[in-house]
2 protein chains.
Amino acid sequence: MVPLPDLTMRTSRLSINLATVRQQWNLREAVEACARHGITAIDPWRDQVAAIGLAASVGAIKDTGMKVSGYCRGGMFPAPDAAGRLAAIDDNRRAIDEAATLGAECLVLVVGGLPKGSRDIAAARQMVAEGIAATVPHARACNMPLAIEPLHPMYAGDRACVNTLAQALDLCDALGDGVGVAIDTYHVWWDPDLPAQIARAGAANRIFAYHICDWLVPTRDLLLDRGMMGDGVIDLPGIGAMIEKAGYKGYIEVEIFSAANWWKRPGDEVLQTCIERFSSAA
Amino acid sequence: MVPLPDLTMRTSRLSINLATVRQQWNLREAVEACARHGITAIDPWRDQVAAIGLAASVGAIKDTGMKVSGYCRGGMFPAPDAAGRLAAIDDNRRAIDEAATLGAECLVLVVGGLPKGSRDIAAARQMVAEGIAATVPHARACNMPLAIEPLHPMYAGDRACVNTLAQALDLCDALGDGVGVAIDTYHVWWDPDLPAQIARAGAANRIFAYHICDWLVPTRDLLLDRGMMGDGVIDLPGIGAMIEKAGYKGYIEVEIFSAANWWKRPGDEVLQTCIERFSSAA
C-alpha cells in the first residue's frame, strides 16, 4: 500500500516522463519510485515498455494507481520509399494500441526528419502530413488522442521536421478532431510567436500535453544536455502562465535527457529535485 | 602581381568569410591566400582586423584589390543595465566606422541574447530593437547598411534573440531605410516559412548579404561544427534559387566554423574546397 502523498493541488499535476530516469531504473522500478515520492502520473517510452513487456508494464501501473499522462512515442513518418512509409504507419497503429492498453491520455508524435539521403524538407513535411492522416482513423477508433510535438529546429534534419507550434497547429487544422499538440518548453521557448500560438492552441482545445525542462547556457550536446527547471534560461513560470490562460488543465510533465548530469545521479535524488523545482521554478 | 583568375560569372560572386580560415591565417595572410585562389571578396571579423590593426587591414585589402562583402560583426545589444546598453551602442558606432574604413558593403549584426541573469526574452528583443534604432542614424550618416542576421533558435539564449527571418524583417519594417538582413543558410534552412520570407525580403530590397554553409547530421557542437557545402542536409541550390528569384545579386559568402575539421586543415585546401563546392553543391 502506497502512503497517501502530501501534495498541493498543483503538485498533483506533476508527471514524470520516464526518459528522465531511464538510466537508473526499468519501468517497474521507475513507477514504484514515483509512487514512493507521491508522484501520481508518468509517461513511459516504448522501449521501456518493451524491455519488461506490455503486460508487466500495465501491471506496474495498476499496482501503483499511476496515471499515464502520455506515451512516447509515435511518429517518424518520412522514409525514402513507399514501403518504408507504410511500415511507419503500421508501427504508429501498434503504438496507438499500446497507448490504449496502458491507459495513456495521448500518444506523443515525434514526426521524423529528412529521409536518408534527402535534402527536401518540404517533401518530408508532406510525408508527415500524409502519415498522420493515415494514422488518424485508427487513433479515433481507439479514442487515442495524437499529440504532435514540434521539436526544436536543431532537430529538423534527423528527428522532426515540424519545428514550430504554428506549423504543428496548421497540421492539426488540416487533420481535424483527435489531433493536438504536445508543447515542450525546451523546443518552443525561443519562438517569438509563442504567446500567440499558445493562445491559438488553447482556443482550439489542441493542447494535449505540456512538457517542461530548461535550456542550459552553454548547452554541450544537441540531444542529451537538457536542464532541470531553474538551471537554465527558460521563463518557465511565464510560459506556464500562458498555458494555464489557454485553458490547459492536464498534467505538467518533466522530461529531461541529461547524459552527463541527471542520468548519472541516484534516481531518488532526481525525482526529489523534480518535485522541488516543479514548485520553485516552474 | 596576382594572376588573373579563371572564374565563371557565378564564381566571381564567391566571398570568403574569414572565420572560415581563422585558425590558419591572420587577416593579411588570409586575404593574400584568397587572392592566390582567384577569390575576389572577403568578410573579415573585428578581432581579425584588431589583431593586425585597421590600417594594415585596409592595406592588405587594397594591395589585393579585394572587395569586402560584409564586416562581422556589430550587435550584442542587450545588457543588464542602461550603461551596458549604451556601451553596446557606442561599440556599434565604432564598428560602423571600421566597416566604412574597410569599404565593407554592410555591417552584419548578431544582435545578442539574454542579458546575464535574465530569462525575459521579450525584454531582450525590445533592447535589440532600441539598440539598433539608436545605431541607425550613425549608420545612415556613414552610408553603411546594417544587416540583421537572424540566428538559429539554438542561439536564442546566448547569441541572438532574433531567430527567424520574419522576425528580422519585422524589425526592418519598424526601423526603415538602411536596415536589412543577412540570410545564412545554417540559421534559416529549417524554417517552414522560409520561401515566403525570402520573397518578402527581396520585395522590400532587404537582402544585404547571403551566407552559406551546411548542416551536418549529426552536429557535434552547437557553435563550431558547421559543414562544408555538400556535406550536410541543407538544400543549398534550392535556397540559392529562392534568393536569386528574390532579386539578390550580391556576393555569396562561405562562412564555416569547424573546430574539429576545416579549421585543422591547411588553409589552401579549405579555400580550394570552398571554390569546388561553391560550383558543385551550392
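Before the first click, a word on strands: two of them count as paired if DSSP finds at least two bridges between them. Helices (H or I, at least four residues) and strands (E, at least two) are DSSP runs, numbered from the N terminus. What you're looking at is a predicted model, where local features need pLDDT of at least 70, side-chain atom pairs count only at pLDDT 80 or more, and totals for chains, interfaces and linings use all residues. Residues are numbered from 1 along each chain as its sequence is written, while chains are lettered from A and ligands numbered from 1 in the order in which they are written.

**Stop 1: the sheet of chain B**

Select strand S7 (residues 179-184) and strand S8 (residues 207-212) of chain B: they pair in the parallel sense over 4 bridges. For one of those pairings, click B:Val181, whose bridge partner in S8(B) is B:Ile207. Touching here means contact, with C-beta atoms, placed from the backbone, within 7 Å. The angles run from 0 to 180 degrees between N-to-C directions, and the axes are lines fitted to C-alpha atoms, for helices over the stretch in contact.

Zoom out to the whole sheet. Chain B has 9 strands in an open sheet, ordered S3-S2-S1-S9-S8-S7-S6-S5-S4, with parallel pairing. Which strands are at the edges? Strand S3 (67-68) and strand S4 (71-75) of chain B, each pairing on one side only. Next, show helix H4 (residues 82-102) of chain B, lying across S3, S4 and strand S5 (107-110) and running at about 160° to S4(B).

**Stop 2: over to chain A**

Select strand S8 (residues 207-212) of chain A. 6 of its 6 residues are buried, so S8(A) is largely enclosed by the rest of the structure. (Buried is 20 or more other C-beta atoms within 10 Å of a residue's own, exposed is 12 or fewer, and partly exposed is in between; the C-beta atoms are placed from the backbone.)

Pick A:Tyr210 and look both ways: A:Ile183 has A:Tyr210 as its bridge partner in S8(A), and A:Tyr210 has A:Ile252 as its partner in S9(A). Strand S9 (residues 252-254) of chain A runs parallel to S8(A), joined to it by 3 bridges. Bring in helix H9 (residues 236-245) and you have a right-handed β-α-β unit of S8(A), H9 and S9(A); right-handed means that, with the strands pointing away from you, the path from the first strand over the helix to the second runs clockwise.

**Stop 3**

Leaving aside residues up to four places away in sequence, A:Val188 touches A:Pro150, A:Leu165, A:Ile183 and A:Leu194.

Then hop to A:Pro195 in helix H8 (residues 194-203) of chain A. A:Pro195 has 15 C-beta neighbours inside 10 Å and so counts as partly exposed.

**Last stop: both chains together**

Methods: Two residues are in contact if their C-beta atoms, placed from the backbone, lie within 7 Å.
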